[in-house]
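Please find below a colleague's note on the model shown here.

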Amino acid sequence: MGATARTRAVGGVLVVGGLLAGLVLTGGADGAEAGRTAPDGLPHTGIEVSPGGCGRGWQHPHPGLQVFDLHNTSDTAAEVYLKNPADGSVHGEVEGIGPGTTRQLRVRLGRGAYAFMCLPDDAHAVTGPTVRIAGGGRPGPAAAPVTEHDLIPPALAYQKWVGKGLDGLVGRTGRLRDALADGDRAAAEDAWLSAHLAYERLGAAYGAFGDADGKINGTTAGLPDGVRDPAFTGFHRIEYGLWHGRSTASLRGPATALADAVKALRDDWAEARMEPADLGLRAHEILENTLQFELTGRTDYGSGSNLATARANLDGTRAVLARLRPLLVPRYPELPALERQLDRAQELLDGFRRDGRWTPLDRLDRRQRERTDAVLGDLVERLASVATLCDARRTV
């Protein structure tokens, strides 16, 4: 059975999930249908995907926007890259083309040399013949593939940064525990926000935190008894108590458990292993989660600090991008625009902090809400390109 495919342009997001509309090649990719125009109004070319015939069928190359119907004639699933054979930069790719199935790649080509690379599952990559286009303008975006080996240094650097952040978090949760032990509610509220934001800045590490994240920063989602459920622990358990009039004495146990969980996470972190291939995806997911949970107020248990959390998430995104920057500079021409948008988002969110206090989300007027959603939403779209570019790819 054919696997689900993903079609992407590597220099910028072409398709996010799903398949492009167009004709499906029904016969072999022998070139008989090359250059035909489909109902989508674009010229289509049938291309064979197989170890022995990779790229066969491209007999009449031409510039411009077009679709390649990639037909897998082999007995195993494969992914396909359309690349520049001289430097290996990739113009587009399709993953998960099942045996006997056809998937489509839409791409804009210009003057230059191109070749299809077929990467069957559990077999070596095969590069098809080089095809040259003499006329036309510049092709669409392309980028050198990032391998898992390329991602190891930034992942290690990021892991060290997280370790230092956890050292600071241990101190902050200790101060929260001590403030509650002293019965000082005001100091506890300040310590809670400081500690919670420190944790939120470590956003890209959540996948490596495993079960510890639920203990430290879990919500009532899925808990049958909601805020009274014994499994409701960590920052949000204490937040609910502080801002709903619970006594400081009743929160000493949860605060001690939180401090212990953070210390255990810090102590175990040296042995943890982050998956390097996940780093680019995390850069996108941090602010995607911000839109989904913080800017909807779903994680507010009384403190009204969602905008402060969004600002901390922005710092967390910057921390990931800083480690990925050496890989992105030669591959992502829109990086300066992304960095300007990060600055714009930071200025916007900082404007919601006045006299040391953050404006609650529900105090924003409609214009402010729409602008905040738009600025963060634009960032999430831009960061999707980072995730695409930093998705580890095979080269052999």
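1. The protein comprises 10 helices and 12 strands, where helices (H or I, at least four residues) and strands (E, at least two) are DSSP runs numbered from the N terminus. This is a predicted model, in which local features need pLDDT of at least 70 and side-chain atom pairs count only at pLDDT 80 or more, while totals for chains, interfaces and linings use all residues. Residues are numbered from 1 along each chain as its sequence is written, and side-chain values use heavy atoms, with hydrogens and water left out.

2. Taken along the principal axes, the box filled by the C-alpha atoms is roughly 80 × 45 × 40 Å. Of the 396 residues, 51% count as buried (under 20% relative accessible area, with exposed over 50% and partly exposed in between; 1.4 Å probe, protein chains only).

3. Among contacts (heavy atoms within 4.5 Å) between residues at least 6 apart in sequence, 69% join residues at least 24 apart.

4. The model holds one disulfide, defined as a pair of cysteine sulfur atoms within 2.5 Å. C54 and C118 form this link, with their sulfur atoms 2.1 Å apart. The pair connects distant parts of the chain, 64 residues apart: C54 lies in the loop between β3 (43-49) and β4 (64-72), and C118 in strand β8 (residues 112-120). The link of C54 and C118 is right-handed, with 90° about the S-S bond.

5. Both C54 and C118 are buried. C390 also counts as buried, because its relative accessibility is 1%.
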